[in-house]
Amino acid sequence: MKKLLSLKLFMILAALTFMTACNDDDNPGNTWTGTTIGNLVKVDDATYYIDTFKGNKLYVSNYSDLVNNKIEAGSRVYCAFLIESENPKGSTYQYNIRIYQCIPLTVKEPTHLTPENAEEIGNDRINLLYAWSGDKYIDIQFQIQATGNITHTVNLVTVDEPEQEKEGYKYLELRHNANSDYALENYNGMMSFDITKILAEEPNLKGFLIKVPYQNGVKYVEVAYESAKADIEPITPQLTCLQ
């Protein structure tokens, strides 16, 4: 049995997880391939599934690979997989899948920005590559510049005075603290933010307006909140940037 591909992050505090390409023989190429973000759920010792960010349940046929690679039930993960079969409508699991790459993600809550924590939170440059919001999470993929030897931190923050407003959208800022590291190479990372408290305060939420200090300047990004279930599909969202 081939070893399941998984990566650990070199930055302890931010837990930025980096992706690599799978070997060609990890994906036979004759089955539809998908990617998703979700929580790994354990029903019993022989039954695991991914509860996706779009509300689908994907039965994992090669669950033993996850166990052997010490990916724990309850973890939020990014997965690349093969769909082995689609189950009839009304089944507990929409698809049976075989995972060939699984990356545990760090989960944090948005932090409120104050004068006391502003220096620790930082405001260094960071590129937001993709963002998704569904269920009770915002999931992001980002790019930072670093040497690879110093711990960085990444946060989403709420503020007292939003710089922009849009009806139904919650204003947030993406913050990065490079801790005086040099911008030597590009590193990509993924992480999740638990928005349970925001959803409780704003049950009619339409999405998020996120300020991002990109390498080439500040932009404001709209991220729609997807509350309804949808068919599984590869994660290839488009970011709407407002000047």
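Biologist: What should I know about how the values were made?

Modeller: This is a predicted model, in which local features need pLDDT of at least 70 and side-chain atom pairs count only at pLDDT 80 or more, while totals for chains, interfaces and linings use all residues. Residues are numbered from 1 along each chain as its sequence is written, and side-chain values use heavy atoms, with hydrogens and water left out.

Biologist: What is the average pLDDT of the protein chain, and where is confidence lowest?

Modeller: The average over the protein chain is 83, and 80% of the residues score at least 70, where pLDDT is the predictor's confidence in each residue, from 0 to 100. Confidence is lowest in strand S15 (residues 240-242), with a mean of 42, and highest in S7, at 98. Helices (H or I, at least four residues) and strands (E, at least two) are DSSP runs, numbered from the N terminus.

Biologist: Which stretches stay under 50?

Modeller: Residues 1-25 stay under 50, and the model has 78 contacts for them beyond four places in sequence; a contact means heavy atoms within 4.5 Å. Residues 228-243 also stay under 50, with 45 contacts beyond four places in sequence.

Biologist: On to the fold, then. What is the strand order in the open sheet?

Modeller: The open sheet has four strands in the order S6-S12-S9-S8, with mixed pairing, and two strands count as paired if DSSP finds at least two bridges between them. Strand S6 (107-108) and strand S8 (127-134) are the edge strands, each pairing on one side only.

Biologist: How does S12 pair with S9 and with S6?

Modeller: Strand S12 (residues 185-194) runs antiparallel to strand S9 (residues 137-146) over ten bridges, and in that pairing Ile 140 stands opposite Met 191 in S12. With S6 the pairing is parallel, over two bridges, and there Val 107 stands opposite Ser 192.

Biologist: Why is S12 called largely enclosed?

Modeller: Seven of the ten residues of S12 are buried, so the strand is largely enclosed by the rest of the structure. Buried means under 20% relative accessible area, exposed over 50%, and partly exposed in between, using a 1.4 Å probe and protein chains only.

Biologist: Are Arg 76 and Asp 139 buried or exposed?

Modeller: Arg 76 is buried, and Asp 139 is buried as well.

Biologist: And where do Lys 197 and Glu 109 sit?

Modeller: The side chains of Lys 197 and Glu 109 meet in a salt bridge at 3.4 Å, N to O. Lys 197 is in helix H3 (residues 196-201), while Glu 109 is in the loop between S6 and strand S7 (111-112), 88 residues apart. Lys 197 is exposed, at 56% relative accessible area, and Glu 109 is partly exposed, at 41%.

Biologist: Now the cysteines. How many disulfides does the structure hold?

Modeller: It holds zero disulfides, a disulfide being a pair of cysteine sulfur atoms within 2.5 Å.

Biologist: Last one: what is Val 218 in contact with?

Modeller: Leaving aside neighbours within four places in sequence, Val 218 is in contact with Arg 125, Lys 211, Val 212 and Pro 213. Val 218 belongs to strand S14 (residues 217-224) and is partly exposed, with a relative accessible area of 40%. Lys 211 counts as buried, at 15% relative accessibility, and its side chain meets that of Glu 163 in a salt bridge (2.8 Å, N to O).

How values were computed
A salt bridge is a side-chain nitrogen of Lys or Arg within 4 Å of a carboxyl oxygen of Asp or Glu.
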